[in-house]
Amino acid sequence: MTSAGRRARSYDPARTRAALVAQVGAVRVAVRSLTDEQLGLPSGLPGWDVRLLVAHIVRQIDAVRLLLGEPVPDPVPPVTGLSVWAVSTAAIADRLDASTRETAARITDVKDALDAAAERIEPFLDEAVRADRIVPHVFGAMRALDMTVTRLVELVVHGDDLARATGVEVVHDRQAVAAVTRLLADALAVKAPGNSVEVRIPPYAAVQCVEGPRHTRGTPPNVVETDPLTWIRLATGRTDWKTALHAAAVSASGERADLGPYLPVLG
């Protein structure tokens, strides 16, 4: 169990590498099957059609090799952890929208662009999961391994966006979903520190959060439980707390077991 006051979670480099390859491949297969009509559908993200969504995914894959190629400032700026990254992304939403549109304007065929991005990343995979390598980042600096875990977030979340927008199945890699679930759960514990609510997302994560009385023995008085995909959608604003409760996708017991005020976690 992880809480905001404990040591940051570590991610296995080999599993992270394999998850990145598998998730890129899954999204690549799904995009290759899209028709022109599907590419023109609304993506579910404000102002973006599916073509823009795919262009954004291309950018997220290319970010791995581009960041690895950038020199790290001397002295090295403070290293940003994964939870800080997660709760800070909303601050750069306008920048991401603008850069995605610039990228899309340069792309003739997003399917070919995604294939090319997937091939370009291959020589950088080993370097991308080094825990001792620091890369520059918009929020300061990150470990290469952590930066690659953030790419799993982008690929799983936007793969789900793609599936919901088009009806095309995106088969998510199990290790990728596990990493994303854990990262977003840990970020919730940072955003809403405390020990009064236990959030369970079996089989991948359980965290304590929200200020209030701390339980020490037996079943906690405030418990929230949901499945990984519902949690990812809640934590990223793809669905809201009341909707998930009404659909029985979330169970919540206890007077403090209302996560609505703390969601979404990721901007």
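In this predicted model, Thr236 sits in the loop that links helix H10 (228–235) to helix H11 (241–246). Although Thr236 lies in a loop, the residue counts as buried because its relative accessibility is 6%, which falls under the 20% cut-off. Once neighbours within four places in sequence are set aside, the contacts of Thr236 are with Val157, Leu184, Pro264 and Leu266.

Not counting residues up to four places away in sequence, Leu20 touches Ile121, Leu125, Thr148, Arg151, Leu152 and Leu155. For a sense of scale, Leu20 and Gly194 are separated by 174 residues in sequence, and their C-alpha atoms lie 32 Å apart in space.

Attention now turns to a pair of packed helices. Helix H3 (residues 50–68) packs with helix H5 (residues 93–106) at an angle of about 100 degrees, and the two axes are 9 Å apart. Because angles of 65 to 115 degrees count as roughly perpendicular, H3 is described as roughly perpendicular to H5. On the H3 side, the contact is made by Leu52, Ala55, His56 and Arg59, while H5 contributes Ser99, Thr100, Arg101, Thr103 and Ala104.

Conventions:
Residues are numbered from 1 along each chain as its sequence is written. This is a predicted model: local features need pLDDT of at least 70, side-chain atom pairs count only at pLDDT 80 or more; totals for chains, interfaces and linings use all residues. Side-chain values use heavy atoms; hydrogens and water are left out. Helices (H or I, at least four residues) and strands (E, at least two) are DSSP runs, numbered from the N terminus. Buried means under 20% relative accessible area, exposed over 50%, partly exposed in between (1.4 Å probe, protein chains only). Contact means heavy atoms within 4.5 Å. Axes are lines fitted to C-alpha atoms, for helices over the stretch in contact, and angles run from 0 to 180 degrees between N-to-C directions. Angles under 35 degrees count as roughly parallel, over 145 as roughly antiparallel, 65 to 115 as roughly perpendicular and the rest as oblique.
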